[in-house]
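Have the viewer open and follow along.

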Amino acid sequence: RYCERGGGAGRHYVVDGTTLTVTFSTDGSGNYAGFVLEWSGVTCGGGTLSACGSTAHCFNDTCVCNVGYSGEACDVREQEQCAGDMGVITGLTGSITDHHLPGNYLDNADCSWTIVMPTEAEVSAVVYRFALFATEQSYDHVVVYAGDTSYTSRRVYSGYFERMGGLGRHYVVAGTTLTVTFSSNERRNDAGFVLEWSGVTCGGGTLSACGSTAHCFNDTCV
């Protein structure tokens, strides 16, 4: 049963068998954005749950890193809580989070990540999305800079994306580097965020390769 305000969006759940039944019910006290449930049969490695190892899972026939792990082999362990400079992460795809779920982020967090596309990849831009986003509105912020930390290139995010319909939305920035910062105060804390990124590689890395009604994510026009 799922009726949470935040913390669960983007998390993957595994059930045995070949059939799922999903029900949805409401009352008269109010309504919100609703839900989108995505599913995928486990097909990696002939359908075995262990085919992707202990730090990844199978989704859409691809091994995807678990939250808290990144890198091509999902072997890069992120720190338990973000603090200060989290370092440079080099990878065509991956994810970052303010902490390991479950639980909330810490008070007075102040940290940053630099995401760099591999030099050998033909990449002209980076696409990112939030698989989870729940922070104290207007007080705790994630800021994404295209390439550097200049004021003119930044995007600021705060609040509850699950309620506002922003989860899963893709954002495109030109270049091969992203800088991400996260800050919180001591008033209250919440589930935090998970940011996923992918270098634009479709059609040799051009933004127009997927046409005007789609974009490239994980080497696929979406």
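Start with Cys210, which counts as buried because its relative accessibility is 14%, under the 20% cut-off for that label. Keep in mind that you're looking at a predicted model. Which residue does Cys210 pair with? The partner is Cys221, and the two sulfur atoms sit 2.1 Å apart in a disulfide. Check the torsion about the S-S bond and you'll get -80°, so this link of Cys210 and Cys221 is left-handed. Cys221 itself has 44% relative accessibility, so it goes down as partly exposed.

Now for the rest of the search. How many disulfides turn up in the whole structure? The count is 2, and the other pair to look at is Cys52 with Cys63, whose sulfur atoms are 2.0 Å apart. The S-S torsion for Cys52 and Cys63 comes out at -80°, a left-handed link. Cys52 lies in the segment before strand S1 (56-59) and Cys63 in strand S2 (residues 62-65), so here the bond joins parts 11 residues apart in sequence.

Is Cys52 buried or exposed? With a relative accessibility of 15%, Cys52 counts as buried.

Conventions:
Residues numbered from 1 in each chain as written. Predicted model: local features only at pLDDT ≥ 70, side-chain atom pairs only at ≥ 80, totals over all residues. Heavy atoms only, no water. Disulfide = S-S within 2.5 Å. Helix = DSSP H or I, 4+ residues; strand = E, 2+ residues; numbered from the N terminus. Buried < 20%, exposed > 50% of the residue type's maximum accessible area, 1.4 Å probe, protein only.
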